[in-house]
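Work through the exercises below with the model open. Each task is followed by a stepwise solution.

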Amino acid sequence: TSVSPHVPPIARVRPLTCTETRRGDRRVVHSLGDGAVHVSATSPPGGRGELRHPLSCLCPHAQVSAGRHDATFGFSAVFDAGASQEAVFEGSGMRQLVELAIDGFSCTVFAFGQTGSGKTYTLMGPLAQSETQPAAPALLGLMQRSFACLLEQSRSRGSDLALSASYLEIYNEQVRDLLSPGPPCALPLRWSKTRGFYVENQLSVDFESLEAIVSLLLQGSQRRRTSAHALNRHSSRSHALLTIHIRSRAVSTCPALGEGLGLIPSTCPSKQGTLCFVDLAGSERVKETGSSGELSMEANSINRSLLALGHCISLLAKPRGKWTHIPYRDSKLTRLLARSLGGSGITLMVACISPSSRCLSETLSTLHYASRARRVTTRP
Ligand code: ADP
Ligand code: MG
């Protein structure tokens with residue numbers, strides 16, 4: 001497969017919601033075609049004024065002050081309000097990513113943007129009302145489409161792929177297993193020379209059918225969602241990582257060695273790829289008011305990990321000769337993403353954007369964050 005190791009971010013601008021339309025929000029984000037996103041707005045006088053965004057130290061231009069904003073950002077592709085889930089899947093390069101994962105690469109898709117910008121919608125589609133009332137197939141997100149593509153490829157290649165899934169969330173800098181039954185408990189994140197960073201005792205569940213993996217996804221996100229009722233806005237306050245491990249069993253008889261000698265077939269070096277979907281916690285700034293106790297701890301953890309991620313990305317974005325130490329250890333998120341961000345990984349970033357005038361400052365931050373990532377080059 002000839003694919004550039006450099007996968008620049010894509011952007012998805014969701015439609016205005018009914019609530020936003022009803023209260024008269026204006027659309028301030030427009031796709032100009034050819035991968036350009038244009039933001040144009042005038043801040044209301046005495047509006048939100050100078051903002052200190054958690055990522056603003058990385059992007060000095062992300063400071064938004066009252067006045068006129070006109071900015072254009074370039075992406076490899078932009079999907080605007082009218083784009084279907086299928087169009088996003090086909091136009092994002094997701095299909096190629098699935099193929100690369102089958103070929104043994106570490107592939108990661110991450111959706112980022114403020115709460116309510118469409119991250120979960122893009123990855124999973126609208127949440128099903130109930131198990132008996134699943135979302136319409138046309139609305140299924142990148143994940144379900146990738147699973148279908150993976151299982152289809154696996155069948156058509158006639159290769160014997162062993163598939164398993166793990167599903168974790170990082171909440172308040174604690175790693176939790178979303179697939180293990182019972183109350184969520186924190187798992188230790190360790191490092192070894194051979195494995196790199198890994199989560200100890202993480203459950204990995206084998207699957208062979210689309211139904212099985214979709215059901216694992218629902219179970220896990222339900223677990224993430226259940227806690228949303230107990231803890232304030234928990235679901236958007238955690239990062240969720242679903243990883244598909246793809247091992248080609250490639251049991252070959254290696255004829256030169258084994259033939260005639262009655263040797264049991266030896267397993268030739270098998271390829272091991274991963275396909276990881278990351279639903280990042282909302283990137284909105286800490287509200288100065290009302291952030292106390294638990295809430296401020298949540299906000300701090302999120303900011304810390306998004307900052308660490310932004311920091312790693314901006315260092316990786318430097319010209320190759322100038323690569324320095326990349327501080328993956330600064331957060332659990334960057335440790336878990338170390339392989340896909342740096343070494344031999346291929347990463348697709350999806351910047352999710354609300355078109356509403358009320359979200360202007362967060363939208364600009366998201367766009368600046370994405371333009372940093374544009375320059376990251378990985379080496380598959
Ligand atoms: P996030 O995960 O970023 O917090 P969601 O994915 O939950 O945001 O989206 C917020 C709301 O907007 C949901 O009601 C969702 O169904 C809706 N939405 C998001 N993206 C789209 C889209 N492209 N088309 C239609 N509705 C969308
Ligand atoms: Mg979400």
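**Exercise 1.** State what share of the chain's contacts between residues at least 6 apart in sequence joins residues at least 24 apart.

Solution. Take contacts as heavy atoms within 4.5 Å. Keep the pairs at least 6 apart in sequence; 75% of them join residues at least 24 apart. The model is predicted: local features need pLDDT of at least 70, side-chain atom pairs count only at pLDDT 80 or more, and totals for chains, interfaces and linings use all residues. Residues are numbered from 1 along each chain as written, chains are lettered from A and ligands numbered from 1 in written order, and side-chain values use heavy atoms, without hydrogens and water.

**Exercise 2.** Determine how far helix α3 is covered.

Solution. Helices are DSSP runs of H or I, at least four residues; strands are runs of E, at least two; both are numbered from the N terminus. α3 spans residues 94–102. Buried means under 20% relative accessible area with a 1.4 Å probe, protein chains only. Seven of the nine residues of α3 pass. Among them are Met94, Leu97 and Glu99. After α3 comes Gly104, with a positive phi near 105°. For the chain, 50% of 380 residues are buried.

**Exercise 3.** Count the helices and strands of the chain.
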